[in-house]
Amino acid sequence: MDLLYRSTRDSSVQVTASQAVLKGLSADGGLFVPNTIPALDVELEKLAEMSYQETAYEVMSRFLTDFTEEELKGCIERAYDAKFDTPEIAPLVKADGAYYLELFHGATIAFKDMALSILPHLMTVSARKNQVKNEIVILTATSGDTGKAALAGFADVPGTRIVVFYPKNGVSPIQEKQMVTQKGANVKVIGIHGNFDDAQTGVKKLFGDKALEEEMAAAGFQFSSANSINIGRLIPQIVYYVYAYAKLYANGEIEKNEKINVVVPTGNFGNILAAYYAKQMGLPIEKLICASNENKVLFDFFQTGSYDKNRDFILTSSPSMDILISSNLERLIYRIADSDDRADAAMMKALSENGKYEITPAMREKLGDFYGNFASEQETARTIFDLYDKTGYVIDPHTAVASCVYGKYLKDTGDQTKAVIASTASPYKFTRSVMEALGKSCEGRDDFELADELSGLSGTEIPKAVEEIRTAPVLHDTVVEISEMKNAVKKFLGM
Ligand SMILES: *Cc1c(COP(=O)(O)O)cnc(C)c1O
């Protein structure tokens, strides 16, 4: 029997895994969740001997039950290959008593690669399964990071095209360079005269444009989204927690069935939700430690049971966590509401209308798996400095938020359970903030110069992703008005 997925806002909507991957979001606005969380029914001894790819198959096959073994293994092989700069894919590094799970060895040196390198393949297989003959056109608006990871994932994947819109003056020079140098016959990067919200709104409009949908279908195309709420991004993220646990056991760092804690620098709540699902599958995880930056909406939520986005948006040195609406939290809400779709829908309506909602005392009691805290900008920089000073290991600001919060957790609880900290970006992706935190003078020096110095002092090689854009030619120079977004897409598709 296939594992089906239902909408968090209407339990009667039930789809297969491949349909959920294709749709992304349910038509009622809800997120797809599996009807049950499958058990991790593989012996630890076996997992301990598996490669990342083999582990990925064991975990993902339990969720994507309408994929054949051959299909899923094909997706995994195409995703986790030499695009990653280490055969381990997600190595563990021990520093100052904790285990850093490095999720940044893919094409864009941040953890989004872990899922976005497989999503395109899951999507094309899903299309085939559901007799979709059209070419899939991914439309994305980006404030920097997701766009590049999606481009790298979809580049030259047969049966797909991808168009990324970004605010022409709203991303960092390195981020822009990363995108406009993207190779691939099926990719298009377009700057817009406007900010990120304009780009996002414009993309949403295109998704909802019925006339365009018909024109596209006639020409053999249909839109899809690589958004982080797609289960095709969530499920691949469960894999590395299982892999990390098995490696800790294989290396003699933990006993069989010994519990571990997991610390996750959190924005949209996708990464930590994957850890929660790993726990529900039976992986021995004790606490899920949710680390926020100064946009500490989640910390306040865990403290009070009230989610309130009515507050100032703060720009921090960990921009991928500068988020006030953590979309994936809805999946946890649904679960702690005992799968009550009406209660979930009512809270999400309150969120969209008033920017806040409150959970019931009964729901709060089910949050015992979680601990939340946050790190200020100063604390984050201090953490980077202290860890380097003590061990020589350099971490990026997102990871530093997690590391700092883990320190607070230890102070609060004295809990000696071993901990895995999700390390979500290479320090080379945020070279300037990292070098400033390390007390180096950065004024008047460009990011490549700083990367050279970082390489010297950390004793690590500059990643290919940074080396490449130093000299790469610009391949995309289209910039359009907001009102021209639709025509730009049609032009790219030859319509
Ligand atoms: C996206 C991102 C995060 C936040 O992950 P969520 O799944 O959105 O919680 C943390 N760190 C980095 C570097 C990211 O790119």
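Predicted model: local features only at pLDDT ≥ 70, side-chain atom pairs only at ≥ 80, totals over all residues.
Is I109 buried or exposed? The points below take this up along with the ligand site and the nonpolar cores.

1. **I109.** I109 counts as buried, because its relative accessibility is 4% and the cut-off for buried is under 20%. Look for I109 in the loop that runs between β5 (98–102) and α5 (112–116). Its backbone deserves a look too. I109 is not a glycine, yet its phi is positive, at about 50 degrees. Most residues other than glycine have a negative phi.

2. **S339.** A positive phi turns up at S339 as well, at about 60 degrees, and S339 is not a glycine either. This residue sits in the loop between α14 (329–336) and α15 (341–354). S339 has 33% relative accessibility, so it counts as partly exposed. The range for that class lies between the 20% and 50% cut-offs.

3. Turn next to the ligand.

4. G267 uses its backbone, with an N or O atom 2.8 Å from an oxygen of the ligand. N268 also uses a backbone N or O atom, and here the distance to a ligand oxygen is 2.7 Å. How much of the ligand does the protein bury? Taken alone, the ligand exposes 380 Å², and the protein buries 96% of that.

5. **The largest nonpolar core.** In soluble globular proteins, nonpolar side chains tend to be buried together. Here the largest nonpolar core has 112 residues. Y5, Y241, F269, I333 and Y357 touch the most other members. Which helix gives this core its largest share? Helix α11 (residues 231–250) does, with 13 residues.

6. **Y357 up close.** Leaving out residues up to four places away in sequence, Y357 touches G305, S306, Y307, L329, I333, M347, M348, A350 and L351. I333, in that list, is also one of the residues that touch the most other core members.

7. **A separate core.** Another core lies apart from the largest one. This other core has 39 residues, including A375, V394, V434 and C442.

Notes. Residues numbered from 1 in each chain as written. Heavy atoms only, no water. Polar contact = N/O pair within 3.5 Å; in protein donor to acceptor, adjacent residues only side chain to side chain. Areas by Shrake-Rupley, 256 points an atom, 1.4 Å probe, with all protein chains shown as cover. Core = buried A, V, L, I, M, F, W, Y, C linked by side-chain atoms within 4.5 Å. Buried < 20%, exposed > 50% of the residue type's maximum accessible area, 1.4 Å probe, protein only. Helix = DSSP H or I, 4+ residues; strand = E, 2+ residues; numbered from the N terminus. Contact = heavy atoms within 4.5 Å.
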